[in-house]
Amino acid sequence: MMSEIAIRVEDLGKRYRIGGPKEAYGTLRDSLVSLAKVPLRAVQRGRANGHREFWALRDVSFEVKRGEVLGVIGRNGAGKSTLLKILSRITEPTTGYAEIRGRVGSLLEVGTGFHPELTGRENIYLNGAILGMKKAEIDRAFDEIVEFAEIEKFLDTPVKRYSSGMYMRLAFSIAAHLEPEILIVDEVLAVGDATFQKKCLGKMGDVAKQGRTVLFVSHNMAAVQRLCTKCMLLADGSVQVQGDVHHVVHDYVDGTRSTIRSSYQLIESSQLGGKAFLEHAAVVNSKGKVTDSVLFGEPFAVRMIWQNLCDIPGLSYAIRIFDMHDRLITAVNSIDTSLSIASRGKYVVECRVNHNMFPPGDYRISIGGYIRPHSSIHVVDNCIVLSISKMAYSKDYQYNISGDPAVAVLGHWSIHS
Amino acid sequence: MRVETELTRKRLAGPGGTDGDRGTSGQEGVPPLLIKPTRGWAALNLRDLWHYRELLYFMTWRDVKVRYKQTAIGAAWAVLQPFLTMVVFSVIFGRLAKVPSDGVPYPVFSFSALLPWTFFATAITQAGTSLVTNINLVSKVYFPRLIVPTAGVLVGIVDFAVAFVVLFGMMLFYGIVPGIAVLTLPLFVLLAFMTALGISLWLSALNVKYRDIRYTIPFLTQFWLFVTPVAYPSSMIPEQWRLLYGLNPMAGVVEGFRWALLGSERAPGGMILVSAAVVVVLFVGGLFYFRRMEREFADVI
């Protein structure tokens with residue numbers, strides 16, 4: 001019976017340290033700053049262990065049987081990627097262990113290690129080797145890879161001249177022909193056009209049908225429901241529920257709905273340590289009243305209160321609206337307009353949406369303040385909810401569309417003879 | 001205090017043992033791969049390295065191919081750099097400063113040292129930052145990280161081989177015939193390789209955490225050139241300091257090259273032994289330091 005199990009994970013945990021040496025530097029200026037900080041840092045480290053600890057993953061245990069397709073879902077930051085990184089041996093766990101029976105192929109990103117200067121043919125060999133294939137295996141699969149990717153004509157063209165579609169197709173095609181016993185996939189299907197996504201999903205389905213084990217991380221609930229035989233929901237680094245796919249997906253969608261409130265109030269600003277922070281946020285309807293439910297087609301606004309602790313040149317705001325399947329529906333950035341408040345003080349910032357084309361349903365709004373292009377000042381993911389009711393903004397109009405339209409508009413009908 | 005609990009790969013064949021012998025029938029009795037935290041010093045895991053040997057080949061091949069893409073004169077750069085340096089050295093140090101050259105024509109004297117030196121300098125420049133240049137690989141795929149700096153150093157060998165042809169041409173021109181000592185040349189090439197890799201292991205692992213290294217390397221190579229007998233013979237160093245001088249491993253490498261190729265009268269024995277010992281320490285220390293830091297690479301990079 002033991003050999004039935006492909007992956008067994010026991011009490012797996014991963015701790016990161018925030019602050020201290022984990023600061024990411026990359027630019028010359030940052031490096032000089034960090035260079036200057038080196039002696040300082042040494043002193044700090046000596047004085048007190050000032051690192052804050054953060055468990056990206058804690059006490060995670062599960063089993064995957066051979067031939068099962070396990071979907072892993074959860075919000076951003078729930079620990080999904082960390083789990084995959086540990087199982088792919090890219091990073092080590094801090095506690096616990098994982099036992100893996102069979103050859104692992106992991107696809108955390110399609111096209112890892114592609115070199116733009118090399119031709120398609122050369123990249124097939126290079127990328128194949130990086131993914132752990134032997135030259136003999138690549139030789140054998142070569143024609144199939146080229147055929148699946150549909151790039152015969154461009155085989156000897158450097159990939160930097162490829163269209164992004166060709167690039168993605170080639171990258172996925174190589175990975176798809178890896179033929180591992182256990183396939184670990186992270187959201188690679190989020191890219192490419194619809195036809196290609198369909199093709200990829202089809203290929204993944206084939207892989208599963210051949211009795212191989214698949215671990216599939218995705219935000220695409222439809223794909224999870226279609227492909228997976230089991231599902232696991234991660235939240236804050238631990239397993240929330242696991243088991244039947246539909247149950248878990250349901251829990252997730254429900255959970256997202258109930259955990260966020262209709263208005264946001266910052267509780268403790270002292271630990272943020274930033275230059276500015278979002279103090280309050282809420283949705284206001286067309287009458288200017290704070291609400292959590294807006295009529296279908298009704299203009300609304302997101303009202304925020306921002307506190308700038310100092311002058312921040314280049315400060316801009318962004319609002320991102322997601323549906324309950326974690327799909328980004330729209331994003332609005334103040335940087336696209338002439339709006340700017342850079343000086344110190346407290347401000348009410350309002351973003352009006354005059355043309356509300358959101359289909360009735362629930363949405364999550366994330367709000368952030370940035371200094372473009374790199375640094376975020378204060379970002380609150382899943383800050384508030386917005387729900388669009390089926391009742392329409394204009395009288396004698398009732399929204400009755402079934403299915404899942406991308407946008408919904410109020411049609412103004414008239415009949416003439 | 002070596003605790004060998006690193007990812008203990010007990011499987012008979014690595015992932016995807018060579019051919020079709022990994023069918024389901026082979027599953028029974030194949031012990032699983034265990035992923036768990038490691039503590040202390042990690043073992044080398046040579047089996048894993050061996051399994052990924054083809055990747056080493058492909059990474060080197062990639063860097064060689066890409067190196068001179070979109071350059072007008074291509075691989076001629078490999079020759080041009082040491083050659084032009086040699087010309088400048090010959091004029092400044094040979095002609096003007098009258099630096100002695102152990103009875104060998106100064107151009108050959110300096111070029112025979114510039115060969116291993118250029119190899120060393122480009123290798124540590126490339127390989128020292130290699131982990132960070134390959135950041136997308138390190139943070140997205142598993143493979144033995146040792147492959148990255150090793151490939152970086154191997155690329156330099158190709159340039160080295162190209163430039164070597166020029167040295168032979170020069171020796172022909174000056175009518176210098178190497179003696180029996182030339183048979184020891186591979187040993188010195190190996191020593192140069194180990195020096196470059198040893199240093200690169202340290203630098204690349206450190207560079208992951210401290211990007212300062214990137215800015216240190218140009219300074220380091222410049223400084224190192226002055227303390228290495230490239231432009232001058234090590235015979236200028238007072239006898240009693242020679243052994244100490246050998247602590248610079250490149251001094252041993254360069255003198256070894258000269259002795260093997262140009263047949264200076266006597267073998268520079270003691271100094272080279274000191275250099276070789278330093279290289280071994282650097283190399284083995286580098287390997288273990290690298291392995292120890294390796295587990296954090298993906299988190300810190």
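Gly105(A) stands opposite Leu183(A) in β6(A). Strands here are DSSP runs (E, at least two residues) and helices are DSSP runs (H or I, at least four residues), numbered from the N terminus. This is a predicted model, in which local features need pLDDT of at least 70 and side-chain atom pairs count only at pLDDT 80 or more, while totals for chains, interfaces and linings use all residues. Residues are numbered from 1 along each chain as its sequence is written, and chains are lettered from A and ligands numbered from 1 in the order in which they are written.

**Chain A overall**

- Chain A holds eight helices and 19 strands.
- Of its 417 residues, 36% count as buried (20 or more other C-beta atoms within 10 Å of the residue's own; exposed means 12 or fewer, partly exposed in between; C-beta atoms are placed from the backbone).
- Among contacts in chain A with a separation of 6 or more, 70% join residues 24 or more positions apart (a contact means C-beta atoms, placed from the backbone, within 7 Å).

**The sheet in chain A**

- An open sheet of six strands runs in the order β5-β6-β7-β3-β8-β9 (chain A), with mixed pairing (two strands pair if DSSP finds at least two bridges between them).
- The edges are β5 and β9 (238-243) of chain A; each has a single partner strand, so one side of each is left without a neighbour in the sheet.
- From one strand to the next, the twist averages 15° (axes are lines fitted to C-alpha atoms, for helices over the stretch in contact, and angles run from 0 to 180 degrees between N-to-C directions).
- Helix α2 (residues 80-87) of chain A packs on the sheet and touches β3 (69-73), β5, β6, β7 (213-217) and β8 (230-235) of chain A. The direction of this helix makes about 145° with that of β6(A).
- β5(A) pairs with strand β6 (residues 182-186) of chain A in the parallel sense, over four bridges. Ser106(A) stands opposite Ile184(A) in β6(A).
- Strand β5 (residues 104-107) of chain A is covered on both faces. Val104(A) and Ser106(A) are buried on one side, and Gly105(A) and Leu107(A) on the other.

**Helix α3 of chain A**

- In helix α3 (residues 120-130) of chain A, 10 of the 11 residues are buried, including Glu122(A), Asn123(A) and Tyr125(A).
- These buried residues pack against α4 (135-149) and α5 (164-176) of chain A, together with α2 and α6 of chain B.
- Gly132(A), with a positive phi near 100°, follows α3(A).

**Where the chains meet**

- The contact takes 39 residues from chain A and 36 residues from chain B.
- On chain B, the elements giving two or more residues are β1 (33-35), α2 (53-67), α6 (135-138), α9 (212-226) and α12 (269-300). The largest share, six residues, comes from α2(B).
- The side of chain B that touches chain A has 17 nonpolar, six polar and 13 charged residues (nonpolar: Ala, Val, Leu, Ile, Met, Phe, Trp, Tyr, Cys and Pro; charged: Asp, Glu, Lys and Arg; polar: the others, Gly among them).
- Strand β4 (residues 95-100) of chain A pairs with β1(B) in the antiparallel sense over three bridges. Glu99(A) stands opposite Leu34(B) in β1(B).

**Residues with positive phi**

- Most residues other than glycine have a negative phi.
- Asn382(A), in strand β19 (residues 375-392) of chain A, has a positive phi near 50°. Asn382(A) is partly exposed, with 19 other C-beta atoms within 10 Å.
- Lys98(B), in the loop between α3 (76-96) and α4 (106-128) of chain B, has a positive phi near 55°. Lys98(B) is exposed, with 9 other C-beta atoms within 10 Å.

Conventions: Two residues are in contact if their C-beta atoms, placed from the backbone, lie within 7 Å.
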